[in-house]
Amino acid sequence: DLGIGYRGGYYDNAGAMRDMIQNHLLQVIAKVAMEPPAVINDDSMRDEVVKVLQCLKRLNEDDLKHNLVL
């Protein structure tokens, strides 16, 4: 029922792909790939998420040319 609400202007400028990749999918990747923290609290969860995100490698132009499917 809510749809995108008042976010239409944001999507017109940034696009749904940028919003989804930079935010939601990176969060999902981090949560799925992280090690279980020794203690469940905000700091330990964040620390495990940061470890995963630091392991991601930036794709260069050659990687994109040969591995990106749109």
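Reader: Why is Asp63 called buried?

Author: Asp63 has a relative accessible area of 16%. Buried means under 20% relative accessible area, exposed over 50%, and partly exposed in between, with a 1.4 Å probe and protein chains only. Asp63 therefore counts as buried. The model is predicted: local features need pLDDT of at least 70, side-chain atom pairs count only at pLDDT 80 or more, and totals for chains, interfaces and linings use all residues. Residues are numbered from 1 along each chain as its sequence is written, and side-chain values use heavy atoms, with hydrogens and water left out.

Reader: What makes the contact of Lys57 and Asp63 a salt bridge?

Author: A salt bridge is a side-chain nitrogen of Lys or Arg within 4 Å of a carboxyl oxygen of Asp or Glu. For Lys57 and Asp63 the N to O distance is 3.8 Å, so the pair meets the rule.

Reader: Is Lys57 buried or exposed, and how do you know?

Author: The relative accessible area of Lys57 is 61%.

Reader: Why are Arg46 and Asp47 called partly exposed?

Author: Arg46 has a relative accessible area of 47%, and Asp47 has 37%. Both values lie between the two cut-offs, so both residues count as partly exposed.

Reader: What makes Glu48 and Lys51 a salt bridge, and where do they lie?

Author: Their closest N and O atoms are 3.1 Å apart, which is within the limit for a salt bridge. Both residues lie in helix 3 (residues 42–55), 3 residues apart, about one turn of the helix. Glu48 is buried because its relative accessible area is 12%. Lys51, at 46%, is partly exposed.

Reader: How many helices and strands does the chain have, and what counts as one?

Author: Helices (H or I, at least four residues) and strands (E, at least two) are DSSP runs, numbered from the N terminus. By that rule the chain has 4 helices and 0 strands, in the pattern α-α-α-α.

Reader: How do you know what the radius of gyration of the chain says against a compact globule?

Author: The radius is taken over C-alpha atoms, and the globule rule is 2.2 Å times the number of residues to the power 0.38. For 70 residues the rule gives a value near 11 Å, but the chain has 16 Å. The C-alpha trace spans about 40 × 40 × 15 Å along its principal axes. Of the 70 residues, 13% count as buried.

Reader: What makes a nonpolar surface patch, and which residues make it here?

Author: A patch is made of residues with over 30% relative accessible area and no salt bridge; nonpolar side chains (Val, Leu, Ile, Met, Phe, Trp, Tyr) are joined within 5 Å, and like charges within 9 Å. Accessible areas come from the Shrake-Rupley method with a 1.4 Å probe; for residues, only the protein chains shown count as cover. The patch of about 800 Å² includes Met17, Met20, Leu59 and Leu68. Helix 2 (residues 16–33) gives the most, with 4 residues.

Reader: Where is Leu68, and why is it called partly exposed?

Author: Leu68 is in the segment after helix 4 (61–67). Its relative accessibility is 48%, so Leu68 counts as partly exposed.
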